[in-house]
Amino acid sequence: MAQMTAPTTPTVAIARELRRLGLAQGAGKDFRVAGHYVNGERHHTYVLLLTRHANEVVAANADLIEERTGEGPFPFRVSVRYFGTDRPTASIANGGSRVRETPAAAEEPAPAVEEAPAAAPAVPAAQFRTGDIVAVDGRPGDWELMAPAGDAWEVEPAQAGGRERTTVPAAALRPLADAPHVRRGDLVMQNYAEQWQAAVVGDVYRLGRWVAVKTRPADEHGPAWSMLDDVETLVVVTAEQVESAVRLDVEAGDHRGRIVQAVVTRHAGKFRVTCSCKDGLEVCRIGRQVGWCSSLEAARELWEWHAAGSVGTAPADRLPAPAAPAPLPASETPGEELPTPHAPAEQLQIPAPAVDYREQCRQEEQAKGLGWSTRHADAVRWAAAGELLRAEDGSARRVAPGRVGRRVAAALVPPLVAAGFLADVEQGGVTRIEPTPDGRRALLVWDLHRPEPVERPRKKEGLPLRPLLGGQEAARRSAAFRADEERRRVERERWYGEFEQRQAAEAWEDRLWDAWARVAGITYRLGRKRPPGWAPTDEEARLHGLDAEVVAALRAEAPAAVEDEGHPADGEQPRRHPDTPHASLRCNLTLQCKSASIGVSGRADSPTRKGNGHEPHDPDYRHRGRRRDDRRADDRVIAEGGHEGHDLETVGRIITSDTVLDTIRTAYDRRIAAGATPKDAVTAVGQSLIAHYCNSAGIPTAPAAPADAEEIATDPAGVPHRAHGTCTATWRRVPVNRNRPELGTTTEFGHKECREPATVDRFVQVAQSRRYRPVYACPAHASN
């Protein structure tokens, strides 16, 4: 007969026993197993008996069911009730209390004479006790007996609130078939072996199921509390049971624990050992099962074994030592001795071999973690028998003495070699595939514990396997992983160190650039770099509030050290623009105002940012052309006569610096956005630049050469405009048919702008405005 394994869940445990009694499980059959849930968690398991036959079988075998389930890890209780009939109603659950009723005695047959039905005899008042939940004739609901009052009782409705006391006669009281087994004032404890706190019952009422309010006063173990609990999970205990339970604190080295005696369940009277190193959980002997001890001495031995490091086999449980027998009374008659009972012959006891449960559990875990198929086990077994060889082409062959052998599946051996179970060994010019120590250990645990094989199809035999749990390959991989983690940690720390240095260097460079930008008046960075060797003067540092540390660093970077009292610019006017590299001489730039003119030769960029085709000097040069007389003699001077410190190179370097050009671009774009023409914008920017330079440098101005008078045209609003411009027409007059000139011409659109010299042809009012804009047209595109 095959050995039956222990059940792993309460459902399996009770269903197995009921099927042994001949009952069928499932919907529409004899029974079903269900669970009672509280707040989404399974509270206990119970059985639904669906047929009368099932109730009768369970009632007849109630003790047998409890005995068989009690031998396993999931005991169940069987309750049998008779609700005024001779048919039993059974219930099975692994929570709550047990109720066993006996069937009522068979009544004698009624007389032939028909009589009026007699009223049900009243239940004597002595049958009820204070705290019982009963029914009252003529009153709906459940009622709790509070106190006797002669032939009556003081009762309150068994409900959560609105409990108004009243008095009812004792004859009106009726017992409830499903009355709870706890009453007000009972000392109860949850039906768990680990429970050690007891509480006093208060109100008891229905809430779908019978519930009770528990209250525990404050003591040295904690504050007072009150909670609502299911009556089925409560067990009535006595104060002596709770007080006599052992709760002993133990200590050994770094271990702090406690030995606690159970009060309820089948473990009542037994001891369990807890330790702080297991987060207050119980010390186990085998695997994860709680190490219950039948005596305090056995619990102390288990604690000492755990505190010593759990070395070797755990001490076995043993019963308490029997009490010494009382001495026999001495014989009063001299020479007479009491008869000595015949001692049975001593039986020879052969000690059983010691079982190392730790090693057994380790072997089971290793066998489960292999993940082998039967073909993997066969391959390792062949290698252990010396039947696997490595052929010249690299394939594995299984050979036998006197036989050529056959080739092993190509995908079968490589995963075993990669996982450290097999290895190639050179021996006498022949390469053998032999098992490693991990492979021999894996084959041993496979044969001992017979785990469920993982059957894989041929296409998946090449998938990687896990190394042996706790084996050499696993240790090697763990060491390699830790080494890789350490290498990554070192690289990460080095990278972050370099990153922080770069961040600090960039932050310091930003501080230096900010100091230069504040002195130079730069708002947007836009790729501008700090000129090398630039250092602020004392006056600039004071005016702009520069940090002393930044000023010192900038002066230290300068080619020559700058002393505060020896700086050549301290007695001069503060510089408004930083020195910039010398600009290449590419074109002439002439700026004019009413009273002065500046002519410089240097780098001249367009005042627009995107290089628009606006001409800064004369937008009408296309049609007017450049006259020889326009090149004035003062193109390379500031006023006439020259001034000290403002030669051509100095003025060119300042005017063509990035700061001044950026200011010119900004002012030009602002005037264009305000509606000015390109020529007017250039003129206004030039006048402002000349005036600012002359005023800041203290240069006297000279009258500029008179400009040529320009023709103007006035729009209907009286605003003057240039009379000459560029034709922007995009249409042409073309013949309708070149072969038939008599048909005339037609207008064709979509051409490029004409761009010929033109004059004002007409004025067009701007949409949603009172302004007018001129339309320039050449003679070919004039409207008249």
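So, the salt-bridge network: Glu144, Glu154, Glu156, Arg163, Arg165, Arg184 and Asp203 are linked in it. Please keep in mind that this is a predicted model. Let me zoom in on one pair. Arg165 bridges to Glu156, with 3.2 Å between the closest N and O atoms. Are these two partners buried or exposed? Glu156 is buried, because its relative accessible area is 11%, while Arg165 comes out as partly exposed at 45%.

Across the whole structure, the search turns up 44 salt bridges. Here are two that I'd like to show you, friends.

In one of them, Asp229 and Lys214 meet through their side chains at 3.1 Å, N to O. This pair ties together distant parts of the chain: Asp229 sits in strand S13 (residues 225-230) and Lys214 in strand S12 (residues 209-216), 15 residues apart. Both Asp229 and Lys214 are buried.

In the other, Arg488 and Asp484 form a salt bridge at 2.7 Å, N to O. They are four residues apart in helix H10 (residues 472-520), so about one helical turn separates them. Arg488 is partly exposed, with 44% relative accessibility, and Asp484 is partly exposed too, at 25%.

Now, a quick word on confidence. Mean pLDDT for the protein is 77, with 78% of residues reaching 70 or more. Residues 106-123 stay under 50, and there the model has five contacts beyond four places in sequence. The stretch 330-350 is also below 50, with three contacts beyond near neighbours in sequence. Where pLDDT is low, the predicted coordinates should not be read in detail. Thanks, everyone!

Methods: Residues numbered from 1 in each chain as written. Predicted model: local features only at pLDDT ≥ 70, side-chain atom pairs only at ≥ 80, totals over all residues. Heavy atoms only, no water. pLDDT = per-residue confidence, 0-100. Contact = heavy atoms within 4.5 Å. Salt bridge = Lys/Arg side-chain N within 4 Å of Asp/Glu carboxyl O. Buried < 20%, exposed > 50% of the residue type's maximum accessible area, 1.4 Å probe, protein only. Helix = DSSP H or I, 4+ residues; strand = E, 2+ residues; numbered from the N terminus.
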